[in-house]
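Subject: Structure handover

Dear colleague,

Here is the structure you asked for. My notes follow below it.

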Amino acid sequence: MSLASRIQQVFKPRGSSNIVGLSLQQRSIHLCSLDRSLNARCKLMELTDGDFNSAFTRVQQKYKPSGQCHLVLSSKHNQVVQIDKPALPEEEINSALKWQIKDLVSIPPENMVLDYFDAPQMSNDNNKIHVVCAAKDMLAAWLTTLNTQQLNVASITIEEFAFAALMPNIDDAKILLCQQPNEDMLLLIVKQGRLYFQRRLRGMAQIGEKTEQELSFGTIDSLSLEIQRSMDYFERQMKQAPIKSIEVLVPIENEAYLARCLAENANVAVNLFTMPEGFEPYRTYAASLGATRIHAMSEVVDG
């Protein structure tokens, strides 16, 4: 089963355990814990010298989360490449992929953990897959710490799928422009609950520090251009019906201003993304919240 097909729309935790989303970022960890009644507790833990293991311990000491844990890797901690799908039986593809992508990523094959997802089938590009990989030793160290702290790591995913899991399952295609604090901005196209297209927009990590005037000096135009290019590709190259709206989930002080300016350059509606009912106060924690709604990379670390 491919990574894309594992997006789950069921929000309610299963069984008696809480569901915990942990989103790793450049400067902090975001924690979102849901109990069986869907009561959310969202917290932030700052990093010290980039040491996640220390931060995991401090999260446990201060907030004492427990239950099924879903981990979100930032773009710094994973690499995504698109390649032709190997002509192999499904059960053999993962083991072959590390050798096929070894010259495309910076992680050596012997230290690589990976999975892949198919884009929805397109007539002009139906043999492409997206391979997601991360460093096995890095993940193993983190999982060792987390699994000794009443957190059963059930899945590892990436920001793209954590954000996409928040989108409603409807027939119309929508762009989600989204970001975690101090991370790359993401441009996603989601339709029928499936991720059709994703792009990481480099150079936007510090957009939250910009004033309205600074946003107007090139940033808005750059984003508008990326949006239009993505819409054109989706409609012309992927042969899809036009995008119906652009949803903005960039929780910065000037988020509303950003959306208004993008609307001036777009030929479709631009909206501030509406968080799931009851979770609007947690826009900043959207990725960790989204992680509680999906089961993602099935291969984590063996043993």
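N18 sits in the segment before β1 (19–24), strands being DSSP runs of E with at least two residues and helices runs of H or I with at least four, both numbered from the N terminus. This is a predicted model, in which local features need pLDDT of at least 70 and side-chain atom pairs count only at pLDDT 80 or more, while totals for chains, interfaces and linings use all residues. Residues are numbered from 1 along each chain as its sequence is written, and side-chain values use heavy atoms, with hydrogens and water left out.

N18 has 23% relative accessibility and so counts as partly exposed (buried is under 20% relative accessible area, exposed over 50%, partly exposed in between; 1.4 Å probe, protein chains only). Leaving aside residues up to four places away in sequence, N18 touches S33, L34, D35, R36, S66, G67 and Q68 (contact means heavy atoms within 4.5 Å). Its C-alpha atom is 9.1 Å from that of L38, 20 residues apart along the chain.

On the chain as a whole: the protein chain has seven helices and 13 strands. Of its 303 residues, 54% count as buried. Among contacts with a separation of 6 or more, 64% come from residues 24 or more positions apart.

In α5 (residues 212–237) and α6 (residues 255–265), the axes come within 10 Å and cross at roughly 50° (axes are lines fitted to C-alpha atoms over the stretch in contact, with angles from 0 to 180 degrees between N-to-C directions). Residues of α5 in this contact include L215, I220 and L223, and those of α6 include Y257 and L262.

Regards
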